[in-house]
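My notes follow in the order in which I checked them.

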Amino acid sequence: MDGWKLWQWDVFRSLLAILQWWGFNVTVIIMNKWIFQKLDFKFPLSVSCVHFICSSIGAYMVIKVLKLKPLIVVDPEDLWKRIFPMSFVFCINIVLGNVSLRYIPVSFMQTIKSFTPATTVVLQWLVWRKYFDWRIWASLVPIVGGILLTSMTELSFNMFGFCAALFGCLATSTKTILAESLLHGYKFDSINTVYYMAPFATMILGVPALLLEGNGVMDWFHTHPSLPAALIIFSSGVLAFCLNFSIFYVIHSTTAVTFNVAGNLKVAVAVLISWLIFQNPISGLNAVGCGITLVGCTFYGYIRHMLSQQLTGTPRTPRTPRSPRNRMELLPLVNNDKIDDKV
């Protein structure tokens, strides 16, 4: 009986973790789109800066003041040699996500971001010459096919927004690959990641945002003097940090398979809610393409998990010129695009 109650508690905790993660993630996406479309605040660099500032303050409060998370100490030399380059890619990743959201619907943007597993596998193959099991490549086919179908049938297609979202996928993949080498030896969770990278990202983005959008932001505040509008922009930054805190909770409350499935279902929820709110036109084929992409992402996650289970404990075999350097090279690096792209 005690075992049954413990199982029930674990299931309840996992569901609660997933629901609060979905809630924060979808709310941040919808709020950002609302800011760009309904409030006519068309300044993605400034919105990203607000997010970085709020996340920097929030991470400091959690780690230094409230002490809810222990600080992972980083060597001062590594701050500039390893953390700063990661922060630069981290910044580009967030900015491109907000830029794409400025120009294309949430449904289209979220579908394109599901292309990240494919870009990660291809980049590892091109840059590191890593070789993957054929099932990994096969699992990417529905993702690529779904993206192509969605792009060709998107009724609100914008080339600039499309390119921003696509390069955002490349930035996410680059961040994942760089983290493998630059952050080797540091086991960062989402809160410590924000603690170190958000201040650097604020420094990197602050001057370009001021130069490119400063006058426009001042003009906007003169024409939109209402306090609620400013509060919505500030609140999106606060919620963006809360999203990172929720990520820490959901990762520690669910299995890898559950997290993968929940991440793809979260995209479907975001697409549905955004359509209900913004009423952007979606054709039947476009919806089918989005569905194929999400199924492909789930299948990719399942294949990767299955291979990781098979390779655990597998004895080494003699290496041939075309064989992987080690057995784990049959697996792509894990993408964090579902967990830390909304800082």
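This is a predicted model: local features need pLDDT of at least 70, side-chain atom pairs count only at pLDDT 80 or more; totals for chains, interfaces and linings use all residues.

Entry 1. I then checked its partner. Asp40 forms a salt bridge with Lys42, and the closest N and O atoms are 3.1 Å apart. Lys42 has a relative accessible area of 32%, so I logged Lys42 as partly exposed too.

Entry 2. How many salt bridges does the count come to? I noted five.

Entry 3. I went to Glu77 and Lys81. These two form a salt bridge, with 2.5 Å between the closest N and O atoms. I placed both residues in helix H3, which covers residues 76–103. They sit four residues apart there, about one turn of the helix. For Glu77 I read a relative accessibility of 46%, so Glu77 is partly exposed. Lys81 comes out at 52% and therefore counts as exposed, because the cut-off for that class is over 50%.

Entry 4. Is Asp133 buried or exposed? I found a relative accessible area of 14% for Asp133, so the residue is buried; the limit for that class is under 20%. Its side chain meets that of Arg135 in a salt bridge, at 2.9 Å from N to O.

Entry 5. I turned to the packing of helix H4 (residues 106–113) against helix H6 (residues 134–153). The angle between them is about 155°, and I noted that their axes are 10 Å apart. H4 and H6 are therefore roughly antiparallel to each other, because angles over 145 degrees fall in that class. I recorded the crossing of H4 past H6 as left-handed.

Entry 6. Which residues of H4 meet H6? I listed Phe108, Thr111 and Ile112 on the H4 side. On the H6 side I listed Ile147, Thr150 and Ser151. Sorting the residues of this contact of H4 with H6, I got three nonpolar, three polar and no charged.

Definitions and conventions
Residues are numbered from 1 along each chain as its sequence is written. Side-chain values use heavy atoms; hydrogens and water are left out. A salt bridge is a side-chain nitrogen of Lys or Arg within 4 Å of a carboxyl oxygen of Asp or Glu. Buried means under 20% relative accessible area, exposed over 50%, partly exposed in between (1.4 Å probe, protein chains only). Helices (H or I, at least four residues) and strands (E, at least two) are DSSP runs, numbered from the N terminus. Axes are lines fitted to C-alpha atoms, for helices over the stretch in contact, and angles run from 0 to 180 degrees between N-to-C directions. Angles under 35 degrees count as roughly parallel, over 145 as roughly antiparallel, 65 to 115 as roughly perpendicular and the rest as oblique. A crossing is left-handed if the near helix is turned anticlockwise from the far one by less than a right angle, and right-handed if clockwise. Contact means heavy atoms within 4.5 Å. Ala, Val, Leu, Ile, Met, Phe, Trp, Tyr, Cys and Pro count as nonpolar, Asp, Glu, Lys and Arg as charged, and the others, Gly among them, as polar.
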